[in-house]
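Please read it with the coordinates open.

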Amino acid sequence: MQHEEGMSIVVVGASGDLARKKIFPALFSLYCQGCLPERFQIFGFARSRFDHAEFRQRIMEHLTCRYAPGESCAARMEEFLARCFYMAGGYDSTDALLDLFVLMREQEGGGRADRFYYLAIPPSIFLDVARSIGNAGLVSCGVERPWSRVVLEKPFGHDRASSDMLAEAMADVFVEPQTYRIDHYLGKEVIQNLMVLRFANLVFEPVWNRRYIRNVKILWKENLSTEGRGGYFDQYGIIRDVCQNHLLQILSLVAMEPPGRFNAASIALEKVNVLRGVPPLTLDDVVLGQYVAGEHAGRRWAAYTDDPTVPDDSRTPTYAAARLAIDNDRWRGVPILIEAGKGLDARMTEIRVQFRDVPQDLFPDANGSPAANELVIRVQPDESIQLSIVNKVPGMGMKMANRNLDLRYKAAFSEQIPDAYESLLLDVMRGDRSLFIHREELQAAWDIFTPLLHEIDARRVVPQSYPFGASRPTAAEKLVP
Ligand code: BG6
C-alpha cells in the first residue's frame, strides 16, 4: 500500500472474541496481500494481563493461511506477529493509555504515524475509552495527516435519544469525518455488489419501481442459539441487533436512488433519503417471536431462556418480522418485508424482489402455472444472483415453467471472496467512508424503530414462541406478502 507515514493500529478490547476472530485475522490477510503500509504496528489493549508473547500466541490461533498458502505462511505469520504488541490497562485509565502512548512512540521509531483505534468493546464503555484516548493526547485534531480515526461497532445506543447522546459525546474526541461506524454487512461482497448490479446494468433500473415490482423481502435467518452471548443479546434483542442496522442498511441500498457520484457523501445522502421515507413502525406492522426448545439438524436445542445468562422470564425477541413501506414515488404501495430470526431452520441472508405479472396473458391455453419473475440475491451462504424466468418447456405443445438464470459466485469467479472485515479495514486506512454509517443514516434508522421499541417495552409485549428449527413463527405468515 502506498503510504509514506507509519501506521499504528490500536485494537481496544484485544482479548475479546471480535478482535481475535475477526479483526486480527483480517489484518493478517491484508498484510499477506500487501495492503498494509511498510511501517505498520499493531497494539492490543485490554484489561487482561498478558505479555507480548502470550498475546501473539492468542492472536495466532485464529490466523489463517488463505492468502499465504504453503510453507510461506508460517514465515508471514512470524513477521506479522513481530509487529504486534500488547498493553494491559483499565478502559477508563488515562494513565494506562499514556503507557500505551510511550510504547507506540517507541515502536513508531519517532517518525510520524497515522493512527486508528478500533473499539472492539461493549458500547457502554465507548465513551470512557474515547475520553481516555483523548486525554492521553493520542488523537490528532481534524482529518489531516497524520490522521487519527476511530472505528466503532454497533449497537450505537438503544434508541434515537441514546444514540444521539452517544454520538454527541463521542464527537468531543473524534469528529464525524474521523468516525467509522461499522456495519459488517456493508463489507460483504454481495452487498457491495448491490449498487453495481442496479446501476451498472441497463436491465434493472427501468423496472426497479412500483410499476413493475410487487414486493421486496429481506430475509435473515440463523440456525444458531445466542451461544454464550445471551447476556449481551438480552439487553438488545433482534430488532436492535440485526433489523435496525444490517437489514435497514441492505434495504437502503436496494431502494436508493442512483447517487450523483460514487463517493461516500453522495451515497450516504441517497441512503438517508430512503430511510427518511419509511414511516415509523407500530406494533400492527410487526410479529415478534422467541425460540423455545426444539429439534434441528439431528440434535436438541435448548430454549432461549434456558441460556444461563438470560433471565427466565425474558421477553426479548429472538425473531422479528416487519412489514414496512417507503413513501416516495419509486416505492409507494410496494410492501417490503424484513425478517430476522435466530434459532430458525437455516443460516441464510437473501434479498427477494418479486415482479408483477405480465399485463397481458398471451398464452392462456398453455399448460403449467408459471410464477412472475423473481430476482433472488443470496448474500450468504453460497453467494449468488438468480432470476426466475418463465420458459417454454422443450417438447411438443405449449407447456411453461419457471427456471433460473443463475449466477453463482463460486462458479463464476476464481477470485476469493474477502471477509467483510478485510474490505472495511482497508477502507478505514484509505479514508473511504462509503461503506460506513454516517450520523444522519443512524438517526433515520433509529427513527423507524424507536416508537415501536418504546411501545414494546411500555406494553410489555410477549413474543410468540416458536420451536428452535422452525422456518418462522406461524403468526408471521400473515406478514409475508
Ligand atoms: C452480528 C450480530 O452483528 O451479526 C449477531 O450481533 C449475528 O447476532 C451476526 O450473529 C451475524 O453475522 P454474520 O456475518 O455471521 O452473518
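The model is predicted.

**Backbone exceptions**

Most residues other than glycine have a negative phi, and most peptide bonds are trans. This model has exceptions of both kinds.

A cis peptide bond joins Lys-154 to Pro-155, with omega at about 5°. Pro-155 sits in the loop that runs between strand E5 (148-153) and helix H6 (160-170). Another cis bond links Gln-380 and Pro-381, and here omega is about -15°. Pro-381 belongs to the loop between strand E14 (374-380) and E15.

Asp-382 is found in the loop between E14 and E15. Asp-382 is not a glycine, but has a positive phi of about 50°. Ala-297 also has a positive phi, near 50°. Its loop lies between strand E9 (294-296) and strand E10 (299-301).

How accessible are Ala-297 and Asp-382? Ala-297 counts as exposed, because its relative accessibility is 69% and the cut-off for exposed is over 50%. Asp-382 has a relative accessible area of 45%, so it is partly exposed.

**Salt bridges**

The structure holds 31 salt bridges. Three of them are listed here with the distance between nitrogen and oxygen.

| Pair | N to O distance |
|---|---|
| Lys-21 and Asp-17 | 3.2 Å |
| Glu-295 and Arg-300 | 3.5 Å |
| Asp-382 and Lys-410 | 2.9 Å |

Lys-21 and Asp-17 share helix H1 (residues 17-32). They are four residues apart, about one turn of the helix. Lys-21 is partly exposed, with a relative accessible area of 44%. Asp-17 is also partly exposed, at 44% relative accessibility.

Glu-295 and Arg-300 form a salt bridge through their side chains. Both residues are exposed.

Asp-382 returns here, since its side chain forms a salt bridge with Lys-410. Lys-410 is exposed, with a relative accessible area of 66%, whereas Asp-382 is partly exposed at 45%.

Which residues are linked in a network of salt bridges? Arg-198, Glu-205, Glu-257 and Arg-330 are.

**Contacts across the sequence**

Arg-160 and Trp-446 are 286 residues apart along the chain, yet their C-alpha atoms are separated by 5.0 Å. Arg-160 is in helix H6. At 24% relative accessibility, Arg-160 is partly exposed.

Ser-388 and Asn-402 are 14 residues apart in sequence. Their C-alpha atoms are 6.0 Å apart in space. Ser-388 lies in strand E15. Is Ser-388 buried or exposed? It counts as buried, because its relative accessibility is 13% and buried means under 20%.

**Enclosed space**

How many cavities of 30 Å³ or more does the structure hold? There is one. The largest cavity has a volume of about 60 Å³. Helix H8 (230-255) and helix H12 (439-458) are the elements that give two or more residues to its lining. Residues lining the largest cavity include Phe-156, Ile-182, Gln-244, Asn-245, Glu-441 and Leu-442. By class, the lining has five nonpolar, three polar and two charged residues.

The second largest pocket holds about 380 Å³ of space. Its lining has 15 residues. Val-358, Asp-361, Pro-370, Val-390 and Met-400 lie nearest the centre of this pocket. Nine of the lining residues are nonpolar, three are polar and three are charged.

**Surface patch**

Leu-362, Phe-363 and Met-398 form a nonpolar patch on the surface. Together they have about 290 Å² of accessible area. Met-398 is placed in the loop between strand E15 (384-392) and strand E16 (400-408). Why can Met-398 belong to a patch? Patches take residues with over 30% relative accessible area, and Met-398 is partly exposed at 33%.

Notes. Residues are numbered from 1 along each chain as its sequence is written. This is a predicted model: local features need pLDDT of at least 70, side-chain atom pairs count only at pLDDT 80 or more; totals for chains, interfaces and linings use all residues. Side-chain values use heavy atoms; hydrogens and water are left out. Patches are made of residues with over 30% relative accessible area and no salt bridge: like charges are joined within 9 Å, nonpolar side chains (Val, Leu, Ile, Met, Phe, Trp, Tyr) within 5 Å. Accessible areas come from the Shrake-Rupley method with a 1.4 Å probe; for residues, only the protein chains shown count as cover. A salt bridge is a side-chain nitrogen of Lys or Arg within 4 Å of a carboxyl oxygen of Asp or Glu. Buried means under 20% relative accessible area, exposed over 50%, partly exposed in between (1.4 Å probe, protein chains only). On a 1 Å grid over the protein atoms alone, a cavity is a set of points where a 1.4 Å probe fits but cannot get out, and a pocket is an open set with protein on both sides within 12 Å along at least five of seven lines; lining residues have an atom within 4 Å of a point. Grid points are joined across faces, edges and corners, and a volume is the space filled by probe spheres set on the points. Ala, Val, Leu, Ile, Met, Phe, Trp, Tyr, Cys and Pro count as nonpolar, Asp, Glu, Lys and Arg as charged, and the others, Gly among them, as polar.
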